[in-house]
Structure formats: C-alpha cells, structure tokens
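Biologist: Thanks for sitting down with me over this one. Shall we walk through it together, a piece at a time?

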Amino acid sequence: MRWIVDEDRAGERLDLFLVGQTELTRSRIAGLIREGACLVEGEKAPKAGLALKEGQLVELALPELRPFSLPAQDIPLKILYQDGDLAVVYKPSGMVVHPAAGNPDRTLVNALLFHLKDLSGIGGELRPGIVHRIDKDTSGLLLVAKNDAAHAHLAEQIRDHSVKRAYYALLIGGPREETGRVDAPIGRHPRDRKKMAILREGREAVTDWRVLERMRGTCLVEARLKTGRTHQIRVHMASLGCPVLGDPVYGPARMPHGVQGGQLLHAHELGFAHPRTGEELLFRAEPEQRFLHWAQTLGCSFDFRIDLK
C-alpha cells in the first residue's frame, strides 16, 4: 500500500495519516511503524509522530494474517442478511464489538466466529470481519465482511462517505432548530484518553440531524453520519448542549429520569453498494426494548416500526 502526501495532509502526523488511509486502529498503526513496516521516502519511519511533507511517498507493508486465536462462542446473534461476501447483523446494547482489555470474550467477534465462516481479517488484527464499529452500549446494525476483497471494498465506501448510516437518539433537552448540521473535527481528548473531543487538529467529523419529536425535557432526533469518528454523535450532540440521554461519558453526572445502562442511541439504518454486484442495499432495524421503554416512558409517540416501501 502506498500514498503520496497531498497539500491538505502536509504537516500531519504519520500515524494519523495512516489511520485516515486505512481501517486500522491508531495503536495497530503505531505497532506496524515500530516493526519497520512503514517507509517514508524509502526509509523506515523513525516514529509514529513524524510530521509529513507534501509530496512524500508513504508505504505500508501489511503482515501476513495471523490465525485467529479467539474462541468461537455460541452467543445468540440476529443476522438480517448474509451471502458469500458479507452479512448485516444486529448488535444489542451491552455487547462489545471486539475483544480488548477488560473484555476478552463474549464479544460480537466471538459470536461471529461461531455463526459465520471465512471472515476477513484485514491487517492481521483480531477483528475478523469487522468493517466498522458501534459503541458497547449503542444498539443496531453492523456490516460484516466475509472475505478480504469485500472488506477492502466496503472499507473504501466508508472512507469516501457513501455508506448510509442513521441513528435514533434520545437527547437531554434538545436543539433550538428542527434540523441542522454539526461540522466539527474530533480527536482524542488531550487530558482524558478515554474520551473524544472537538479539536481544531482533529479529524473531519460531520453529523446531520433532525428532530423527530419533542417531549418534556427531552427529544428524539435522527442523526445521519457523513463521517464515522469514534463517539461522533455523542460528542456532537453534547456540543449542542443536549447530550444523549444515559450517556455516562458526555452527559451529566446525575442523569435525568434515573436512566441507567448507557446512552440511548440506536443505529437503525445502514445502506451501501454490494462489493461484488454493485447493487444498492438498504437495511433498517427497530430499536431494542430498552430504548422503546424509555421512549414510551418519556412520552414519545413516534412510530418506530419498519417500512421499507
């Protein structure tokens, strides 16, 4: 894999540049740089924080995929669609997408390894099939690749912002307007590494939103992602002064209405072009019972039933 640094990316850190060009995590990129897998102008990159210059040639050699050492676990999994190239699955709230510190198993990946075969594994990471992620306490639709060609094609669609992703969110309070856009770059919080923040030097992040219904002290919005940064909707809604209800990270310490169990956020729509046929596919899924319970409790009368006509 090779790229020429253009004018817009000049001055950017090497690791952030590569994160933007691939679907690899920043930590994985840093590891590859340390292993000597990244060249800048034909020389091994000295560090992840190297500031790039316009016109420089950046090369990245991905290692051979390691055999998956994760256990396949018989965890119930709702599969909305699957064929030889991909699957669309419904992740419940409370389930982590892939293993990490503190969550070594019982993740979506463990369930995928049990229910699906021949999953992809881009970059040798222990994230078989995962093309994009949603947070642990967010429910909804996820796209899974079954082979590396499909994975690469779908990842490219995400990078060029052609994948349709829409979420329902219950907010504390609500924005003044009925519709709007938040165009504010997001990066890692400078003091709290578990949080994201709006930063001038962050990566482009754009969220379109519209109010679906206003209730007393809360509202229901639909948020559509133009980009897909970590915690994007949660950070953007909090920046408007109306964080997602139940959000323990970006919401108030004392949550209104006694909501517990994480943010009330649901990925209800997912649309993309099939990587093999080019056919435009669109999937929608109703929120899970916890989301519906709180919506009803708050007086929301919006009809969440799915109609694809």
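Modeller: Happy to! A nonpolar core here is a set of buried Ala, Val, Leu, Ile, Met, Phe, Trp, Tyr and Cys residues joined through side-chain atoms within 4.5 Å. Please keep in mind that this is a predicted model.

Biologist: Then let's begin with the core. Which residues of the largest nonpolar core touch the most other members?

Modeller: In general, nonpolar side chains tend to be buried together in soluble globular proteins. The largest core here has 35 residues. Those touching the most other members are Val 89, Leu 108, Leu 112 and Leu 171.

Biologist: And which element gives the most to this core?

Modeller: Several elements give two or more residues to this core, including strand 6 (86-91), strand 7 (139-145), strand 8 (164-172) and strand 14 (265-273). Helix 5 (232-239) is also among them. With five residues, the element that gives the most is helix 3.

Biologist: How many residues are in the second, separate core?

Modeller: Leu 24, Leu 52, Val 58 and Leu 60 are included in that second core. Its count of residues is 18.

Biologist: Now the sheet with strand 1. In what order do its four strands lie?

Modeller: This is an open sheet with antiparallel pairing. Strand 1 and strand 3 (43-44) stand at the edges with a single partner strand each, so one side of each has no neighbour in the sheet. Strand 1 is joined to strand 4 by three bridges, and Arg 2 stands opposite Glu 59 in strand 4. The order is 1-4-2-3.

Biologist: What covers the buried residues of helix 1?

Modeller: The buried residues of helix 1 (residues 14-21) are Leu 14, Asp 15, Phe 17, Leu 18 and Val 19. Their cover includes strand 1 (2-4), helix 2 (26-34), strand 2 (38-40) and strand 4 (57-60).

Biologist: Let's turn to strand 14. Why is strand 14 largely enclosed by the rest of the structure?

Modeller: Strand 14 pairs in the parallel sense with strand 7 over two bridges, and Gly 140 stands opposite Ala 267 there. Strand 8 runs antiparallel to strand 14 and is joined to it by six bridges. Strand 15 (residues 280-284) pairs with strand 14 over five bridges in the antiparallel sense. Strand 14 is largely enclosed because its buried residues number nine of the nine.

Biologist: In the hairpin of strand 14 and strand 15, which residue takes a positive phi?

Modeller: In strand 15, Leu 282 is the bridge partner of Gly 271. The hairpin has six residues between the strands, and a positive phi near 80 degrees is taken by Gly 278.

Biologist: Is Arg 165 buried or exposed?

Modeller: Arg 165 is found in strand 8. Leaving aside neighbours within four places in sequence, Arg 165 has contacts that include His 132, Ala 223, Glu 269 and Leu 270. The cut-off for buried is under 20% relative accessible area. At 9% relative accessibility, Arg 165 therefore counts as buried.

Biologist: How many residues of helix 5 are buried?

Modeller: The buried residues of helix 5 are Gln 232, Ile 233, Arg 234, Val 235, His 236 and Met 237. Helix 5 is largely enclosed by the rest of the structure, because the buried share is six of the eight.

Conventions
Residues are numbered from 1 along each chain as its sequence is written. This is a predicted model: local features need pLDDT of at least 70, side-chain atom pairs count only at pLDDT 80 or more; totals for chains, interfaces and linings use all residues. Side-chain values use heavy atoms; hydrogens and water are left out. Buried means under 20% relative accessible area, exposed over 50%, partly exposed in between (1.4 Å probe, protein chains only). Contact means heavy atoms within 4.5 Å. Two strands pair if DSSP finds at least two bridges between them.
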